[in-house]
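The sequence and the structure are shown first.

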Amino acid sequence: MTAPKSTALPDYRTALSEIVEQTIAPAATEIDRTGAYPRAALNALREAGVLSVLSATEVGGGGGSLADVAEVVEAIAAVCGSTAMVVLMHFAATAAIEAHGPRDVREAIATGNHVTTLALSEAGSRSHFWAPMSSAAQAGDSFRLDAAKSWVTSAEEADSYVWSSTPVSAAGPMTLWLVPADAPGLRVAGGFDGVGLRGNGSKPVTGEGVLVPESARLGEDGVGLDIALATSLPTFLIGNAAFSVGLMGAMVAEAAAHLTRTRLTHLDVSLAEQPVSRADFARLRTRSDEARAFLADTLLAVGSGRADATLRVLQVKAVAAEASTEVADGVLRLCGGAAFRKELGVERRFRDSLAARVMAPTTAALQDFVGRASLGQPLFDEVSA
Ligand SMILES: Cc1cc2nc3c(=O)[nH]c(=O)nc-3n(C[C@H](O)[C@H](O)[C@H](O)COP(=O)(O)OP(=O)(O)OC[C@H]3O[C@@H](n4cnc5c(N)ncnc54)[C@H](O)[C@@H]3O)c2cc1C
């Protein structure tokens, strides 16, 4: 089963595979070692139009689908998790801007002149992104935003943040804003030194008295959660699953290469010729392929408007994230001390694989959403004011 491919797009795939091979893969180890932001990769991807695949053709973009997002993120994640996460967040924020943002920003994204990201998670409500605590208030002709955002990928590097707050005056849990990253009052309030994805630049950002015009609001006051659920969330969930699938595919390939080229000379066999190693490898390969097949089915469901499309979208990130940590741990064991050291690239991917399950919506939250959606309950309880 293969996911439907977009046919309307200019061929970004050739450029993407060249950039992956020539720019992203060679930098991955050093980005992991130093935590440097993957600027060279981003520049190459912008110039090649890869960051514009989700933008509509009417603003000069590729007019691509979520299948294209998945394809791009998977290909990058196979070689560098940090770069893939930066690109994924750009696409997730782009989805909201495409639906509700101003034309000039949409055109800037479509021409590769604007990188964006999501600023939803907050110090107060943590991974419960559906319940922002930050505020928005009318201030003359403008709106004043105050917030303590806990994680913003590409903080200081992106041109804008898709930013959540409580509503100004409407009922509802959330309003969304498009905040320029250079707006006065914004401050990057810490660094990033995580176990994995070390170059994704996810830092806390505070906003104190940030003034934005009414045109910065994405959609109506109070309906930001609905907008996020319809735009950024599916893009993020599918793209995040593709991220895990890309990582897993690379780890399984590393394991296969290691097992077939490494020999037990006293027995004159390769590691792959040992039945236990072979069976372990088969289990990991199958787990990885299960997640890939689930992602392909999700894309088919979304692409064809199948009745279970929403359910699949709610399931797919957790399916792939949990599989990738299991596969990463299994590959680390299977390849032994060689994988424990940095020479195979397995331990970097193992560390990178740990992020997906705690990124909001976390696996725990998604299990609850899937239960609620399957049992005819609303996704969220009412949030008390
Ligand atoms: C690499 C990386 C990049 C990120 N980039 C961004 C970004 O660009 N933009 C953004 O907005 N956010 C981003 N985040 C933040 C992310 O989406 C989560 O909000 C964050 O990881 C949650 O961490 P926390 O410690 O606040 O989680 P907590 O909310 O404290 O959760 C900790 C654990 O408890 C579980 N848990 C929480 N509540 C419940 C419950 N009610 N029932 C059962 N279990 C529960 C969670 O599932 C989780 O496993 C990023 C995170 C990472 C790791």
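The chain has 12 helices and 10 strands, where helices (H or I, at least four residues) and strands (E, at least two) are DSSP runs, numbered from the N terminus. Its radius of gyration is 21 Å, close to the 21 Å that the globule rule gives for 385 residues, so the chain is as compact as a globular protein of that length. The radius of gyration is taken over C-alpha atoms, and the globule rule is 2.2 Å times the number of residues to the power 0.38. Along its principal axes, the C-alpha trace spans about 80 × 45 × 40 Å.

The model is predicted: local features need pLDDT of at least 70, side-chain atom pairs count only at pLDDT 80 or more, and totals for chains, interfaces and linings use all residues. Residues are numbered from 1 along each chain as its sequence is written.

**Domains**

The chain is divided into domain 1 (12–115), domain 2 (118–221) and domain 3 (228–374), with bounds that come from an automatic or database domain assignment. The C-alpha centres of domain 2 and domain 3 lie 31 Å apart. Their contact takes 9 residues from domain 2 and 9 residues from domain 3; two residues are in contact if their C-beta atoms, placed from the backbone, lie within 7 Å. On the side of domain 2 that touches domain 3, the residues divide into 6 nonpolar, 3 polar and no charged. Here Ala, Val, Leu, Ile, Met, Phe, Trp, Tyr, Cys and Pro count as nonpolar, Asp, Glu, Lys and Arg as charged, and the others, Gly among them, as polar.

**Helix packing**

Axes are lines fitted to C-alpha atoms, for helices over the stretch in contact, and angles run from 0 to 180 degrees between N-to-C directions.

| Helix pair | Axis separation | Crossing angle |
|---|---|---|
| α7 (residues 232–261) and α8 (residues 275–304) | within 10 Å | roughly 155° |
| α3 (residues 66–77) and α7 | 7 Å | about 35° |
| α3 and α4 (residues 81–100) | 7 Å | about 160° |

The axes of α7 and α8 cross at roughly 155°, which makes α7 roughly antiparallel to α8 (angles over 145 degrees). α7 passes α8 in a left-handed crossing; a crossing is left-handed if the near helix is turned anticlockwise from the far one by less than a right angle, and right-handed if clockwise. Among the residues that meet are I238, V245, M248 and L259 in α7, and F281, R285, R292 and L299 in α8. This contact of α7 with α8 divides into 14 nonpolar, 5 polar and 2 charged residues.

Helix α7 also packs against α3, in a crossing that is right-handed. The residues that meet include L66, V69, V73 and E74 in α3, together with P234, I238, F243 and L247 in α7. By class, the contact of α3 with α7 has 13 nonpolar, 3 polar and 1 charged residues.

For α3 and α4, the packing angle is about 160°, which makes α3 roughly antiparallel to α4. α3 passes α4 in a right-handed crossing. The contact is made by V69, V72, V73, I76 and A77 of α3 and G81, T83, A84, V87, L88 and F91 of α4. These residues divide into 9 nonpolar, 2 polar and no charged.

**Backbone features**

The peptide bond from A360 to P361 is cis, with omega near -5°. P361 lies in the loop between α11 (346–353) and α12 (363–374). R126, although not a glycine, has a positive phi of about 50°; R126 lies in the loop between β1 (116–119) and β2 (135–139).

Conventions: Angles under 35 degrees count as roughly parallel, over 145 as roughly antiparallel, 65 to 115 as roughly perpendicular and the rest as oblique.
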